[in-house]
Amino acid sequence: MTIFVTGGAGFIGSNFVIDWTAASSEPVVNLDKLTYAGNLQNLSQIEGRGRHIFVKGDICDNELLACILQEYKPRAIVNFAAESHVDRSIEGPSEFIETNVVGTFKLLEAAKNYFNGLPDVEKERFRFLHISTDEVYGSLSSSEPAFQENNRYEPNSPYSASKAASDHLVRAYHSTYGLPTLTTNCSNNYGPYQFPEKLIPLCIHNALSGKKLPIYGDGQQIRDWLYVTDHCTAIRRVLESGRLGETYNIGGWNEKANLDVVKALCVILDELRPLNTGSYEDQITFVPDRPGHDRRYAIDASKIERDLGWKPVETFESGLRKTAEWYLANMQWTAAITSGEYRQWVETQYRGGHLG
Ligand code: NAD
Ligand code: TYD
């Protein structure tokens, strides 16, 4: 038995692959394009154990997908591959349409062709799990209840619109072709290996470098935060026991305003790496807001808790402390990214070839 993961060199994907190889003897084939956000160093701790097979390539590549499926005959596909940063989607949406929409479509097509050729007993077991976001539901007012699985899709950024489109395709492949799909819609993740363009790792990096901590608008936008390993556990539960064709919301019941998140982080950094004078909070600065900035996300995770018995282990406080500790202990990881050293390595390593 093998599982096939896409985007497994990114933030959540690499945490998932590490988690998977620790908990299961089943090998993982990991297809990743190694965009700016993909980083093989994330997986260095499992290198050489023989249960992780890395393939550098694109989910838009039909031939490569067919080849991987025929060669490894996975019993499940877990699709993490995506362009994931809202600010980048505002600057340049086309990559988001290409990977998130077209790429998911190509992967579904390849999965459908592969699934149709499987013997019945393997068909029974096969799963296509699509990893998505709470951002597809749009923005909540302060008084509205948290998102449930049957909320309307009202995406507001090119990123969330492209993820919404991919979710619809997954749904259609289940309804139309009987592909055994599952979809998860998760809230904001944080934890080790998150690229330092996202709020929490960006603020850790900037704080330690003596730079400003940029807060968009008034900083009162609310996100629901989940520690990444709790997300990985939820994905495993859905893969094991989720009902085919269904979607599951995943969240940590941790609604926080952005300004409060950054202040909480500063308190932890003040304790772990104190400045000679003052607090990291002094570096907070308000900058112009993101266009179309959603005001509030909140996830109602009752369904996965009730039906699949999943619950997050970390509180926001324990998860944030672990995250800060990890970034402090792994400053060379961030330094390699911000210096461009890692990109140079990728270009030299993979000049001209698919397979890693
Ligand atoms: P990420 O940007 O850190 O990683 C994405 C990975 O996908 C990278 O390794 C990248 O190289 C790879 N990739 C991009 N385009 C590809 C392509 N065409 N073919 C193959 N690989 C490609 O993203 P992340 O934060 O780890 O998010 C993973 C998934 O989880 C995404 O689908 C995202 O929408 C979803 N999600 C993220 C969050 C969050 O807070 N980060 C929350 C909910 C859902
Ligand atoms: P981000 O980490 O980009 O995730 P997402 O847009 O997927 O929620 O941003 C989290 C929140 O933090 C979001 O409301 C935007 C805000 N933000 C800032 O205020 N300053 C920043 O520098 C960044 C990157 C984000």
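1. Let's start with a word you'll need all the way through: a residue is buried when its relative accessible area is under 20%, exposed when that value is over 50%, and partly exposed in between, using a 1.4 Å probe and counting the protein chains only. Valine 29, with a relative accessible area of 1%, is therefore buried.

2. A bit of housekeeping before going on. This is a predicted model, where local features need pLDDT of at least 70 and side-chain atom pairs count only at pLDDT 80 or more, while totals for chains, interfaces and linings use all residues. Residues are numbered from 1 along each chain as its sequence is written, chains are lettered from A and ligands numbered from 1 in the order in which they are written, and side-chain values use heavy atoms, with hydrogens and water left out.

3. Back to valine 29. You'll find valine 29 in strand S2, residues 28-32 (helices are DSSP runs of H or I with at least four residues, strands are runs of E with at least two, and both are numbered from the N terminus). Skipping residues up to four places away in sequence, valine 29 touches Thr2, Ile3, Phe4, Val5, Ile53, Val55, Ile68 and Tyr72, where contact means heavy atoms within 4.5 Å. Glycine 251 is another story: 222 residues along the chain from valine 29, with 27 Å between the two C-alpha atoms.

4. Now ligand 1. Which residues come nearest to ligand 1? Out of 28 around it, they are Ile12, Asp32, Ser84, Tyr159 and Lys163 (a residue is near a molecule if one of its heavy atoms lies within 4 Å of it). By class, the shell around ligand 1 has twelve nonpolar, twelve polar and four charged residues. Here Ala, Val, Leu, Ile, Met, Phe, Trp, Tyr, Cys and Pro count as nonpolar, Asp, Glu, Lys and Arg as charged, and the others, Gly among them, as polar. Helix H1 (11-23), strand S5 (127-133), helix H6 (158-177) and strand S7 (188-190) each put at least two residues into the shell around ligand 1, and S5 has the largest share, three residues.

5. One nitrogen atom of ligand 1 lies 3.1 Å from a backbone N or O atom of lysine 33. A polar side-chain atom of threonine 99 is 3.0 Å from a nitrogen atom of ligand 1, and a backbone N or O atom of asparagine 189 sits 2.8 Å from an oxygen atom of the ligand. On its own, ligand 1 exposes 840 Å², and the protein buries 97% of that (areas come from the Shrake-Rupley method with a 1.4 Å probe; for residues, only the protein chains shown count as cover).

6. Of the 15 residues around ligand 2, the nearest are Glu135, Pro214, Asn258, Arg290 and His293. The shell around ligand 2 splits into six nonpolar, four polar and five charged residues, and strand S8 (213-216) gives the most, with three. Asparagine 258 has a side-chain N or O atom 2.8 Å from an oxygen atom of ligand 2, and a polar side-chain atom of arginine 223 lies 3.1 Å from an oxygen atom of ligand 2. Taken alone, ligand 2 exposes 510 Å², of which the protein buries 96%.

7. Tyrosine 193 isn't a glycine, yet its phi is positive, about 70°. Tyrosine 193 is in the loop between S7 and helix H7 (199-208) and is buried, at 11% relative accessible area. Tryptophan 253, also not a glycine, has a positive phi near 55°; at 44% relative accessibility, tryptophan 253 is partly exposed.

Methods: A polar contact is a pair of N or O atoms within 3.5 Å; within protein, one must be able to donate a hydrogen and the other to accept it, and residues adjacent in sequence count only if both atoms are side-chain atoms.
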